[in-house]
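Visitor: I would like to learn how to read the packing of a protein model, one feature at a time. Could you take me through it?

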Amino acid sequence: MKIGILINEGPYTHQATDSAYLFARAAIEKGHQVSRVFFYHDGVNNSTRLTEPPQDDRHIVNRWAKLAQDHGIDLVVCVAAALRRGIKDENLAPGFRISGLGQLIEAGIQAERLVTFGD
């Protein structure tokens, strides 16, 4: 099954990002394809290379980047939500790209399921 994921919450403040990541890994392990993850609202904070968690904590941004690199997942950050939060191309982590809501619509059309994490 082809799956798209929408994340509306930021890292380290809400369970949504961790749940989405674990869901994506489990889906891939079961043979499904995660084609795109779209980061919207505070979810865009998952994309910044400026994130520096303590060494004994999980690095959520790097986890997404590695998963995308290993499995060809398109990580798209909403441009309007990103600019409101000071996130621009120059501070994006590797593997992420900024684009518009059309990418979310496309993910919903092309995937068999679009799963939303966060309010």
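Visitor: Which residues in α1 meet which residues in α2?

Guide: Before the answer, please note that this is a predicted model, in which local features need pLDDT of at least 70 and side-chain atom pairs count only at pLDDT 80 or more, while totals for chains, interfaces and linings use all residues. Residues are numbered from 1 along each chain as its sequence is written, and side-chain values use heavy atoms, with hydrogens and water left out. Helices (H or I, at least four residues) and strands (E, at least two) are DSSP runs, numbered from the N terminus, and contact means heavy atoms within 4.5 Å. Here Thr17, Asp18, Ala20, Tyr21, Ala24, Arg25 and Ile28 of α1 meet Ile60, Arg63, Trp64, Leu67 and His71 of α2. Sorted by class, this contact has seven nonpolar, two polar and three charged residues, where Ala, Val, Leu, Ile, Met, Phe, Trp, Tyr, Cys and Pro count as nonpolar, Asp, Glu, Lys and Arg as charged, and the others, Gly among them, as polar.

Visitor: At what angle do α1 and α2 pack, and how far apart are their axes?

Guide: Axes are lines fitted to C-alpha atoms, for helices over the stretch in contact, and angles run from 0 to 180 degrees between N-to-C directions. For α1 and α2 the angle is about 20 degrees, and their axes are 11 Å apart. That makes α1 roughly parallel to α2, since angles under 35 degrees count as roughly parallel, over 145 as roughly antiparallel, 65 to 115 as roughly perpendicular and the rest as oblique.

Visitor: Is Trp64 buried or exposed?

Guide: Buried means under 20% relative accessible area, exposed over 50%, and partly exposed in between (1.4 Å probe, protein chains only). Trp64, which lies in helix α2, has a relative accessible area of 0% and is therefore buried.

Visitor: Which residues have the most contacts inside the largest nonpolar core?

Guide: A nonpolar core is a set of buried Ala, Val, Leu, Ile, Met, Phe, Trp, Tyr and Cys residues joined through side-chain atoms within 4.5 Å. The largest one has 34 residues, and those with the most contacts inside it are Ile5, Val37, Trp64 and Phe96. At least two residues of this core come from each of β1, α1, β2, α2, β3 and α3.

Visitor: Where is Ala82, and what does Ala82 contact?

Guide: Ala82 is in helix α3, and with a relative accessible area of 0% it is buried. Leaving aside neighbours within four places in sequence, Ala82 is in contact with Val44, Val77, Ile87 and Ile98.
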